[in-house]
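These are my notebook entries from a first look through one model. I went element by element and wrote down what I looked up.

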Amino acid sequence: MQAKVYATAIAALVAAVLLRWALDPLIGDTLPLVTLFGAVAIAVWVGGYRPAIVVAPLGYLVCNFLFIAPRGVIGPMDPSTVVGLTAYVFTCSLIIVIGEAMRVAKARASERGELMRVTLGSIGDAVIATDTETRVIYFNAVAQTLTGWSQADTLGQPLDKVFRIVDEQTRQPLENPAARALREDATVGLANHAMLIGRDGVERPIDDAAAPIKDERHVRDRHVVAIGVDVTDDVRLRQPREARPAEAIRANLAKDQFLATLGHELRNPLS
């Protein structure tokens with residue numbers, strides 16, 4: 001793997017030198033190092049600071065020999081060459097520092113995203129996410145099982161179509177919790193006695209919450225809202241929320257908190 005990384009970095013350096021060679025009839029002795037910055041950026045992106053530290057000085061030596069007057073020798077270090085070298089070192093250092101920071105941030109985001117994908121895939125509740133028009137953009141495995149809809153069939157569908165809820169007693173349709181969460185910009189719970197009607201017509205009592213996804217500044221994201229759905233035939237779900245045992249209340253509060261903070265972790269995995 002490391003050999004491949006360094007081979008890519010050297011290939012980028014060779015390409016940069018050849019490009020400068022091709023430009024030589026046009027720019028002559030001016031800007032002898034201009035194409036090297038791209039090679040340094042590629043090196044740090046594919047392999048981090050180590051291959052970039054190799055590419056930067058090696059590239060300077062090659063271009064010094066080929067494009068800095070007097071050509072064909074390395075040196076002498078007159079004042080203009082020293083100034084050029086200083087500027088080159090500063091710029092390359094900046095590219096390496098910024099590139100390494102971006103690379104580390106991307107790796108961490110990827111690891112966190114994968115963790116959340118695994119978590120959502122194995123969580124015991126159904127988890128659905130929609131955009132601000134309440135069209136489905138994510139449907140975990142439990143949601144697929146409970147509603148009878150597959151992930152492929154649900155993507156882009158209105159949530160009301162795949163997540164049908166009615167009042168158990170009146171049989172009237174209940175407001176979609178995603179729409180309410182978006183409207184109120186807050187975590188909301190489903191109504192008591194809510195029933196989920198699956199694609200196969202099977203009805204199940206449900207109880208859970210929906211919340212708009214927040215970014216790090218606690219500003220609602222323009223695209224995504226998350227819904228967690230706990231579907232069970234436990235008779236306690238037919239009781240008013242305030243009448244349930246303390247452990248059930250604590251469980252729901254924990255799920256509400258999970259939904260309220262979900263956006264910090266899921267903005268990328270949901271896309």
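This is a predicted model: local features need pLDDT of at least 70, side-chain atom pairs count only at pLDDT 80 or more; totals for chains, interfaces and linings use all residues.

**Entry 1: ground rules**

Residues are numbered from 1 along each chain as its sequence is written, and side-chain values use heavy atoms, with hydrogens and water left out. My element names follow DSSP runs, numbered from the N terminus: helices are H or I with at least four residues, strands are E with at least two.

**Entry 2: helix α2**

I went back to α2 itself, residues 36-47. It has twelve residues and reaches 17 Å from its first C-alpha to its last, close to the 16 Å expected at 1.5 Å a residue. (The expected span is 1.5 Å times one less than the number of residues.)

Which residues of α2 are buried? I found L36, A39, V40, A43, V44 and G47. Buried means under 20% relative accessible area, exposed means over 50%, and partly exposed is in between, with a 1.4 Å probe and protein chains only. Looking down the axis of α2, I see its buried residues within an arc of 130°, so they line one face of the helix. The arc is that of the directions from the helix axis to the C-beta atoms. I jotted down the background too: an α-helix has 3.6 residues a turn, so residues three or four places apart point the same way.

Two packed helices are described by the angle between their axes and the distance between the axes. The axes are lines fitted to C-alpha atoms, for helices over the stretch in contact, and angles run from 0 to 180 degrees between N-to-C directions. Angles under 35 degrees count as roughly parallel, over 145 as roughly antiparallel, 65 to 115 as roughly perpendicular and the rest as oblique.

I took α2 with α3 (residues 49-67) to begin: their axes come within 7 Å and cross at roughly 160°. α2 and α3 are therefore roughly antiparallel to each other.

Next I checked α1 against α2, whose axes come within 8 Å and cross at roughly 170°. That pair is therefore roughly antiparallel as well.

For α1 and α3, I got an angle of about 25° with the axes 10 Å apart. That makes α1 roughly parallel to α3.

A crossing is left-handed if the near helix is turned anticlockwise from the far one by less than a right angle, and right-handed if clockwise. α2 passes α3 in a right-handed crossing, α1 passes α2 in a right-handed one, and the crossing of α1 and α3 is right-handed.

In the loop between α1 (2-27) and α2 I stopped at L31. Its phi is near 50°, a positive value in a residue other than glycine. L31 is exposed, with a relative accessible area of 53%.

P70 sits in the loop between α3 and α4 (79-122). Is the peptide bond from A69 to P70 cis or trans? I found it to be cis, with omega near -5°.

R171 is in the loop between β3 (164-167) and α8 (177-184). R171 is not a glycine, yet it has a positive phi of about 65°. At 39% relative accessibility, R171 counts as partly exposed.

**Entry 5**

β1 covers residues 126-130, and five of its five residues are buried. A126, I128 and T130 are on one side, V127 and A129 on the other. For I128 I noted a relative accessible area of 0%. I128 and A178 are 50 residues apart in sequence but 9.5 Å apart in space, C-alpha to C-alpha.

β1 runs antiparallel to β2 (residues 136-139), joined by three bridges. Two strands pair if DSSP finds at least two bridges between them. A129 stands opposite Y138 in β2. Five residues lie between the strands of this hairpin, where T134 takes a positive phi near 55°.

**Entry 3: the open sheet**

I ended on an open sheet of three strands, ordered β3-β5-β6 with antiparallel pairing. β3 and β6 (203-205) stand at the edges, each with a single partner strand, so one side of each is left without a neighbour in the sheet. The twist averages 35° from one strand to the next. Four bridges join β3 to β5 (residues 194-197), and D167 stands opposite A194 in β5.
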